[in-house]
Amino acid sequence: MNPERMRKTWHDVVKESVVNLLRFYGFTASSEAPARIPEGGWGRADVVGRKGNTIVGVEIVDTGDVARDAKKLAMNNYDYRYIIVLRHSKKLMRL
């Protein structure tokens, strides 16, 4: 097998760590779970964990749109919503 294809991205490593952390605390966790997306229709959430009536949604953002992922988390009515940003923006926002 090609060693280049076997390498995991930082995004994949963080996603696996979040799944394992949720499972450690008793959640049934999975990555790439179905989720409604802001554009309409269905897409995927990076990690979703369930324990009893509590549902946790986690998006891991490397270079993508944080606002879009925040909308996705809000649309799916998770009890707890987290966004993990792997790289901070080099742009400064003006308020």
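Tutor: Let us begin with helix α2, whose buried residues (under 20% relative accessible area, with a 1.4 Å probe and protein chains only; exposed is over 50%, partly exposed in between) are H11, V14, K15, V18, V19 and L22. The model is a predicted one, in which local features need pLDDT of at least 70 and side-chain atom pairs count only at pLDDT 80 or more, while totals for chains, interfaces and linings use all residues. Residues are numbered from 1 along each chain as its sequence is written, and side-chain values use heavy atoms, leaving out hydrogens and water.

Student: What makes the buried residues of α2 line one face of the helix?

Tutor: Seen down the axis of α2, they fall within an arc of 140 degrees, the arc being that of the directions from the helix axis to the C-beta atoms, so they line one face. On the other side of α2, W10 and F24 are exposed.

Student: Why are V14, V18, V19, L22, F27, A29, V47, V56, V58 and I60 called a nonpolar core?

Tutor: The term means a set of buried Ala, Val, Leu, Ile, Met, Phe, Trp, Tyr and Cys residues joined through side-chain atoms within 4.5 Å, and these ten residues form the largest such core. To this core α2 gives the most, with four residues.

Conventions
Helix = DSSP H or I, 4+ residues; strand = E, 2+ residues; numbered from the N terminus.
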